[in-house]
Amino acid sequence: MESLFASGRIADIALAVMAAEAVIIYMVIAYQADVVRYRALFANLAAGACLVIAVRLALVGANWQWIAVALAASLLAHSTDLALRLRAPR
């Protein structure tokens with residue numbers, strides 16, 4: 001278990017689970033009309049994925065600039081998620 005964390009593979013597993021989740025969600029909602037709500041959900045998944053990537057980079061000792069890029073991408077995806085959810089009809 002220790003080697004999963006030391007190598008950053010634990011983050012790879014989390015990203016694979018998130019990718020599977022995104023595919024399943026897409027398959028379920030592919031034919032539904034409320035696309036805006038699901039775009040926000042995918043933006044939320046993207047924000048989480050960027051955070052997991054930042055954790056992986058930190059675990060493997062990557063340069064801090066790459067970690068900052070991943071965190072900035074997460075902020076952008078999170079902001080997109082919020083904007084889509086606030087504009088969505090209720």
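Biologist: Where does Thr80 sit?
Modeller: Thr80 is part of helix H4, which covers residues 64–87. Helices are DSSP runs of H or I with at least four residues, strands are E runs of at least two, and the numbering starts at the N terminus.

Biologist: Before I get carried away, what kind of model is this?
Modeller: It's a predicted model, so local features need pLDDT of at least 70 and side-chain atom pairs count only at pLDDT 80 or more, while totals for chains, interfaces and linings use all residues. Residues are numbered from 1 along each chain as its sequence is written, and side-chain values use heavy atoms, with hydrogens and water left out.

Biologist: What about Gln65 and Tyr38, how far apart are they?
Modeller: Those C-alpha atoms are 31 Å apart, and the two residues are 27 apart along the chain. Gln65 belongs to helix H4 and, at 36% relative accessibility, is partly exposed.

Biologist: Zooming out, how many helices and strands are there?
Modeller: Four helices and zero strands. Read from the N terminus, the elements go α-α-α-α.

Biologist: What size of box do the C-alpha atoms fill?
Modeller: Roughly 45 × 25 × 15 Å along the principal axes.

Biologist: And what share of the residues is buried?
Modeller: 23% of the 90 residues. The accessible surface comes to about 6300 Å², and carbon and sulfur atoms own 70% of that. Those areas come from the Shrake-Rupley method with a 1.4 Å probe; for residues, only the protein chains shown count as cover.

Biologist: How much of the contact set joins residues at least 24 apart?
Modeller: 62%, counting contacts between residues at least 6 apart in sequence. A contact means heavy atoms within 4.5 Å.

Biologist: Switching to charges. How many salt bridges do you count?
Modeller: Three, where a salt bridge is a side-chain nitrogen of Lys or Arg within 4 Å of a carboxyl oxygen of Asp or Glu.

Biologist: Which residue does Arg9 pair with?
Modeller: Asp12, with the closest N and O atoms 2.9 Å apart. Both are in helix H2 (residues 9–29), three residues apart, which is about one turn of the helix. Arg9 is partly exposed at 46% relative accessibility.

Biologist: Which salt bridge does Asp12 form with closest atoms 2.6 Å apart?
Modeller: That one goes to Arg56. It links distant parts of the chain, since Asp12 is in helix H2 and Arg56 is in helix H3 (residues 35–59), 44 residues apart. Arg56 is partly exposed, with a relative accessible area of 21%.

Biologist: And what about Arg85, which partner has it got?
Modeller: Asp81, at 2.4 Å between the closest N and O atoms. They are separated by about one helical turn because they are four residues apart in helix H4.

Biologist: Asp81, buried or exposed?
Modeller: Buried, because its relative accessibility is 3%. As for shared partners, Arg9, Asp12 and Arg56 are joined into one network of salt bridges.

Biologist: Last topic, greasy surface. Which residues form a nonpolar patch?
Modeller: Met1, Phe5, Val55, Leu59 and Val60, with about 470 Å² of accessible area together. Patch members need over 30% relative accessible area and no salt bridge; like charges are joined within 9 Å, nonpolar side chains (Val, Leu, Ile, Met, Phe, Trp, Tyr) within 5 Å.

Biologist: Where is Phe5?
Modeller: Phe5 is in helix H1, residues 2–7, and it's partly exposed at a relative accessible area of 41%.

Biologist: And where is Val60?
Modeller: Val60 is in the loop between H3 and H4, and its 38% relative accessibility makes it partly exposed. Val60 and Phe5 are 8.8 Å apart, C-alpha to C-alpha, although 55 residues separate them in sequence.

Biologist: What does Val60 touch, leaving out residues up to four places away?
Modeller: Ser7 and Gly8.

Notes
Buried < 20%, exposed > 50% of the residue type's maximum accessible area, 1.4 Å probe, protein only.
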